[in-house]
Amino acid sequence: MRISENIPTSWCEPWKIKTIEHISLAPPEIRQTALESAGWNTFLLPSRLVYIDLLTDSGTNAMSDQQWAAIMTGDEAYAGSKDFERLESVVQRVYGYKHLIPTHQGRGAEHILSQICIAKGQVVPGNMYFTTTKFHQEHAGGVFEDVIVDEAFDPHSGCPFKGNVDIEKLDRIVKRVGAAQIAYVSLETNVNMCGGQPISMANARELHAYCSKRGILVMLDATRAVENCYFIKTRESGYEDKPIAEILSELCGYTDGCTISGKKDCLVNIGGFLALRDDGLAQKAREMVVAFEGLHTYGGMAGRDMGAMAVGILESLDYAYIRARVEQVGYLGKRLESYGVPVVKPFGGHAIYLNAKDILPHVPQEQYPAQRIAGEIYLEAGVRTMERGIVSAGRDHDGNEYKPELELVRLTIPRRVYTQSHLDVVSEACARVCRRAESIGGLRMTYEPGALRFFQARFEPV
Ligand code: F0G
């Protein structure tokens, strides 16, 4: 017997599977008809015709037995539910903000934050836009301005913290309009639109120092903050021995409040919240939440959902969990890379992004190359992905299409749902699509909704 010298120490998921849901691959001709009926928009495909669903990591999480137990014991009182108290105490302890305002999901929190903090014409600088976040900022009369570092726009840059705010860009805006004209700085963790790229603790600290000196608020989009903290722990010196909970608490400590879509990090299927430090702002938020979401002690969530979220938040802080979560995403990235598929590097925390400009260099951006590739991956193997490029970016006030630097296809990994073998199938499908890339053309849009067009737009091949 000769045992190899090089035995790796692999990670594995700190859970085993107790319930399964059957999936099957629809035949090619059914997939073709389904995609045509969906107008080549993967959001319009019925889930029953999807084999492996990497559309989003939002609300697609598998809950633990402990979370299901919380579902069964949920207190459905209209006011002052026990589960509100449970969630409030977890949020205060974990994220460190004094006030919890629950909402039905992330965009509900974004709506309320934007309405209470943005006056018409004020600027909202942010580290790249997110679709719903920017929508609500603009809906409240604000003007979003991007202050992310330049590396974020380069899919080939290996920069470990591509999500960082460029403080000089921010300073130029502040000098131009004056601090009083800044509603707040919108700081996203694991920036979705540039490939799930993290911010560093050093950057959050510097931003806090800059803003607090000038009386500017910093509002965190903490939707994927725990995943961001895993990158801080593994990439930023001084954090390698700190527990995830401590890193998260420091990160939030540099901000004045947060919005969260609980459907991601918090390991639930629905829910979100706004959390604030300031008493006055929290009072305004509570006045709004009753009009738009529900009473301030449930904000659109059932008691049981708040209970499951409280448990999920605590589970998300477990190092063995978060390591397996983020490393599984990296596993898909490495597989794709091994086949030569162009992907954004470093790998993101919740998704791998294919670089459509490299895959279909012959298709102009106005013919939606990323949207086309998402369709082709579905045709190839029933795998559902989504566009994050020109379609997601939408149009400016003059009606011109934004032409974002990044034209990406997102392969988003739901938490605790798929195994490495599922991801093997996915990577092989993507590689096959890339191999026939020369024969793939673009799309034309046949229906365009007025807002957040990527959800419902329809296309046909050119
Ligand atoms: N902020 C970020 C960074 C998000 O990724 C999302 C949702 C939201 C806010 C809004 O939260 O969906 O609960 O209303 N992202 C989903 C996605 C839709 O697929 O990336 P929501």
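**Close-up 1. Arg-224 and Asp-57 form a salt bridge, with their closest N and O atoms 2.8 Å apart.** A salt bridge here is a side-chain nitrogen of Lys or Arg within 4 Å of a carboxyl oxygen of Asp or Glu. The pair links distant parts of the chain, 167 residues apart: Arg-224 sits in the loop between β6 (218-221) and α8 (225-235), and Asp-57 in the loop between β1 and α2 (65-72). Helices (H or I, at least four residues) and strands (E, at least two) are DSSP runs, numbered from the N terminus. Both Arg-224 and Asp-57 are buried; buried means under 20% relative accessible area, exposed means over 50%, and partly exposed lies in between (1.4 Å probe, protein chains only).

Before moving on, a word about the model. This is a predicted model, in which local features need pLDDT of at least 70 and side-chain atom pairs count only at pLDDT 80 or more, while totals for chains, interfaces and linings use all residues. Residues are numbered from 1 along each chain as its sequence is written, and side-chain values use heavy atoms, with hydrogens and water left out.

**Close-up 2. Arg-395 and Glu-448 form a salt bridge.** Their closest N and O atoms are 2.8 Å apart. Arg-395 belongs to the loop between α15 (390-393) and β12, and Glu-448 to the loop between β13 (443-447) and β14 (458-461), so this pair ties together parts that are 53 residues apart in sequence. Arg-395 is partly exposed, with a relative accessible area of 38%, and Glu-448 counts as partly exposed at 31%. Elsewhere, salt bridges that share partners join Asp-57, Arg-224, Glu-227, Arg-325 and Arg-415 into one network.

**Close-up 3. Asp-53 and Arg-384 form a salt bridge between two strands.** The closest N and O atoms of Asp-53 and Arg-384 are 2.8 Å apart. Asp-53 lies in strand β1 (residues 52-53) and Arg-384 in strand β10 (residues 383-384), so the pair ties together parts that are 331 residues apart in sequence. Arg-384 is buried, with a relative accessible area of 6%. A search of the whole structure finds 26 salt bridges.

**Close-up 4. Helices α4 and α5 pack against each other.** Two packed helices are described by the angle between their axes and the distance between the axes. For α4 (residues 106-117) and α5 (residues 131-139), the angle is about 30 degrees and the axes are 8 Å apart. Axes are lines fitted to C-alpha atoms, for helices over the stretch in contact, and angles run from 0 to 180 degrees between N-to-C directions. The crossing of α4 and α5 is right-handed.

**Close-up 5. Lys-263 and Leu-267 are found in the loop between β7 and β8.** The strands on either side of this loop are β7 (257-261) and β8 (272-276). Lys-263 is buried, with a relative accessible area of 12%. Although Leu-267 is not a glycine, it has a positive phi of about 65 degrees.

**Close-up 6. Arg-416 has a positive phi of about 65 degrees although it is not a glycine.** You can find Arg-416 in the loop between β12 (408-412) and α16 (420-435). Arg-416 is buried, with a relative accessible area of 16%.

**Close-up 7. The peptide bond from Lys-345 to Pro-346 is cis.** Omega for this bond is near -15 degrees. Pro-346 has its place in the loop between α12 (319-338) and β9 (351-355). Strand β9 holds Leu-354, which is buried with a relative accessible area of 0%. The C-alpha atoms of Leu-354 and Val-191 are separated by 16 Å, and these residues are 163 apart along the chain.

Notes:
A crossing is left-handed if the near helix is turned anticlockwise from the far one by less than a right angle, and right-handed if clockwise.
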